[in-house]
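Me: I would like to go through a structure with you before I set up any calculations. Could we begin with confidence and then turn to some local details?
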Amino acid sequence: MNIWVNTPSETDTKNTPYTLTRFISIAIWSAIIIWSLICGAGSLFQIFSLNQQAVELARIQAQERFTSQALMLTNPMFMTREAHKFSRDNSALLGHLTSLRPKGADNKPDSWEKKALFLFESGEQEVSEISDLNGKEHLRLMRPLITKESCLLCHGQEGYEVGDIRGGLSVSVPLQPARKIIQTQIIISAVGYCLIWLLGLVGIRWTGGRIRSQVLQNEQTQLALQESEHKVHNLAQAIEQSPASFVITDLDTHIEYVNQAFCHASGYDKEELLGQTINILKSDKTSPETYTSLWRSLARGKPWKGELYNRRKDGSVIVEFCSISPLLDHNGHITRYVAVKEDITEKQYLSKELEQHQHHLQELVEERTREVVQERQRAEDANKAKTRFLSNTSHEIRTPMNAIIGLTHLLQKSDLTQDQKKKLEKIDTSASHLLSVINDILDLSKIEAGKLTLENSSFSLTELFEHIHSLLKFQLEDKGIYLTIVNHGVPDWLQGDVVRLRQALLNYIGNAIKFTEQGGITLTSTIEQKKDDDYLIRFDVEDTGIGIENSKINDLFKPFRQADESTTKQYGGTGLGLAITQNLASLMGGQVGASSTPGQGSTFWLTGHFKTAQAPLEGPADKTESCESELRKQFKGLPVLLADDNEINMEVATELLEDAGFIVEQAENGRIAVEKARAHSFELILMDVQMPVMDGIEATRLIRMQPAYENTPILAMTANVYKEDQEPCIEVGMNDFIPKPVDPDAMLRIIGNWLTRNKNSSATEPLQKAPPVETISDNNAPGNIPDSSSIDFAALRQTFGDNIERQHQILAKFMLQMKNVSDDIHTGYEANDCERVAFLAHKLKSSSRMVGANHLSDICLAMEIAGKEGNWSDIMQSYPEFEQALRILEQEIRTIISSDET
């Protein structure tokens, strides 16, 4: 395709006024040339003016041209730059060829072009925007340069392929000239219009007065008459030379007078107009309603204003704003019509063009607003999905940990060798450490979601310090360092969230123990501010450890950040503790901070608001007596209903309860629990939340409807720790929560608390959560894991120790449960029942993880997720692998049991 553009010469350009029409004309031609280059890449383009020779191919650099047989073509990129130069020399329109991989400095993109190039990569075909360029407002438009097959001859060696976006071509049109021209024309038109009206009204009024004066006063002197004629002449001259069009007609609209501006606007000479009717200008563009309104106003002797579409002598139609008024004689009769007109054709065109731009901008703003709303909705959905994922993950981790911690507790009470006791202590410590990490992750998630709230209860600062010391006693003894606690005048009994305060102080002191090899740690409490019963209390934890560089202190309070990577490798940790402490202090209305000297130690501090509280009248309970012995003494033989669908979890909980002296009745699901509650009387009910047939929430609702169980404590056993997961339990009448994995001491303490309350009062108590037990440990010693393709024996030993007989019992029970559940899953699979498959896969997943069948557990998790989402294709994809895993696992379990028996 060949494009030849004949442009104005330099002399013509200088002598031509810079009007809006010329500006738009040059801009359009420049844009046509630039865009033609995009569409016609590979063709020959030549640009010349009247005073300029055509660009010769001989002066084009060798690397910017190529030869195909006998035809020599100019490189499209060279011609693009020629077009850019042409547009810069003849108009204010700017073109720019750019790329994310520019060949030269001239092709580097600016910030706006770079943003557009990235949008092209994501699929956009055009980007436009009004923005500043070199300090001036421009309308910017950009389209991508897409690699075609003909482009590969030059660009193929650069790694481009057909369809790749190798850059973009932008066009920038300045808006200031157009706006300046419009503004100037509006001002000129407004001033001229006002002047014409003013002069016309003054002249008409003054002329009429003089005429009446001449009729009434025939004896006026000649001098006065001459002065009057002189003034009338001046007025007539002003109208004649006015830029506005004037026309006067008789009552039949025959033209009696027109000024020069009228002749110029209509294209007729004055002689051609005089005597003609005004219909000589009439076109078919003006609506009949407009003429009806015009003549109705004139007939009533009132002026009319409006727009008329009039036809010029050459046939073109112009739009004029007309003000037509009737001329009245001294008797009030209409004698003539006078009209003042202004050509607003160009002004109307510019107004419509501006309106179109504004409409386009409005559409862009609305589109961007919709995108922002969608992005925000996606972000909210992602945050909800993350929260749900963490809740589900916590549930899956806590369920097997329930057996690990519970069975470890039971094994520690049996006759053990010293080596076995040490191994169990390591299992218990590692499980507690893992639980602490899980809690940290959940706390951080709750903080980010704004769902972490503080409790408000009375507590003793002395008891808090003693509890912290008892938790860290063995760690302090192992490292041979001391912990000194100093209270500078802080009241002993305070009101606030003791659990979160203890968590924050344990984070500080645990870190201090971790990084201190000799010397000790000092915990200090002081009053910073006091107002009535409100105290701002500061807690300082000072150590003699390795210290930290001051430049790295601020980063420590950010999630997943530590002083450096070597610290993580040597001392461990997730980097969440200090970030959580900072957020806890903020919830308490305080702040956090630190100071340190490398090699000498560090001081970490936090502040929080607390109110003073009254000490309870009754003294604290004897802590030397264990919860288990106390329960056995007070409630031995008490009937308890335990509902849980997980056989292993039920076995652990049953043994813990029976050791405490309770008589335990088991129920495998909610429906059986309801039936047994109707048939027998129970003083305590422990209810799992997620169960088959009937879940724990529905079972609790039905049990609470029975008068006999109106005040019976019902405690939820759940691994879901989020508040939204616990609220349905509260609504149906559950009193408290025993979190999974079960901490035996915490579980027995919660049970004892509610049994004591129920014994002393018949009224249903409001929900009060038992405080969680905080532990900090850095013991992470890995155990020896035997090699097996399906079973992780380390999980079995962590839960059941080295008792082979116990392991066989659990594996045998699991194999039986696995066969029953897998048969039910097969039935659901044959019936295409997504919900049934998801529910049963959830049940088998937890037990599989408990005995170390991790591969089977992962397959069950995938089937559960697919079933909950109704994704049957994913279930079909996972089911063959599920059946194969079942066969292999069953064979291995049988082999293990038979070989050990032999």
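Me: What pLDDT does the protein average, and what share of the residues score at least 70?
Reply: This is a predicted model. Its average pLDDT is 77, and 77% of the residues score at least 70.

Me: Over which residues does pLDDT stay under 50?
Reply: Residues 37–73 form one such stretch, and the model has 68 contacts for them beyond four places in sequence. Another is residues 619–625, where the pLDDT is below 50 and the model has five contacts beyond near neighbours in sequence. Where pLDDT is low, the predicted coordinates should not be read in detail.

Me: Changing topic: at what angle do H20 and H21 pack?
Reply: Helix H20, residues 670–679, and helix H21, residues 696–704, pack at about 15 degrees, and their axes are 8 Å apart. Angles under 35 degrees count as roughly parallel, so that term applies to H20 and H21. The crossing of H20 past H21 is right-handed.

Me: Which residues make that contact?
Reply: H20 contributes Gly-670, Ala-673, Val-674 and Ala-677, while H21 contributes Ala-699, Leu-702 and Ile-703. By class, the residues of this contact are six nonpolar, one polar and no charged.

Me: And Ser-242, where is that found?
Reply: Ser-242 lies in the loop between helix H7 (222–240) and strand S9 (245–249).

Me: Is Ser-242 buried or exposed?
Reply: Ser-242 counts as buried, because its relative accessibility is 9% and the cut-off for buried is under 20%.

Me: What is Ser-242 in contact with, leaving aside neighbours within four places in sequence?
Reply: Ser-242 is then in contact with Ile-196, Asn-259 and Ala-261.

How values were computed. Residues numbered from 1 in each chain as written. Predicted model: local features only at pLDDT ≥ 70, side-chain atom pairs only at ≥ 80, totals over all residues. Heavy atoms only, no water. Axes fitted to C-alpha atoms, helices over the stretch in contact; angles between N-to-C directions. Helix = DSSP H or I, 4+ residues; strand = E, 2+ residues; numbered from the N terminus. Parallel < 35°, antiparallel > 145°, perpendicular 65-115°, else oblique. Left-handed = near helix turned anticlockwise from the far one by under 90°. Contact = heavy atoms within 4.5 Å. Nonpolar A, V, L, I, M, F, W, Y, C, P; charged D, E, K, R; others polar. Buried < 20%, exposed > 50% of the residue type's maximum accessible area, 1.4 Å probe, protein only. pLDDT = per-residue confidence, 0-100.
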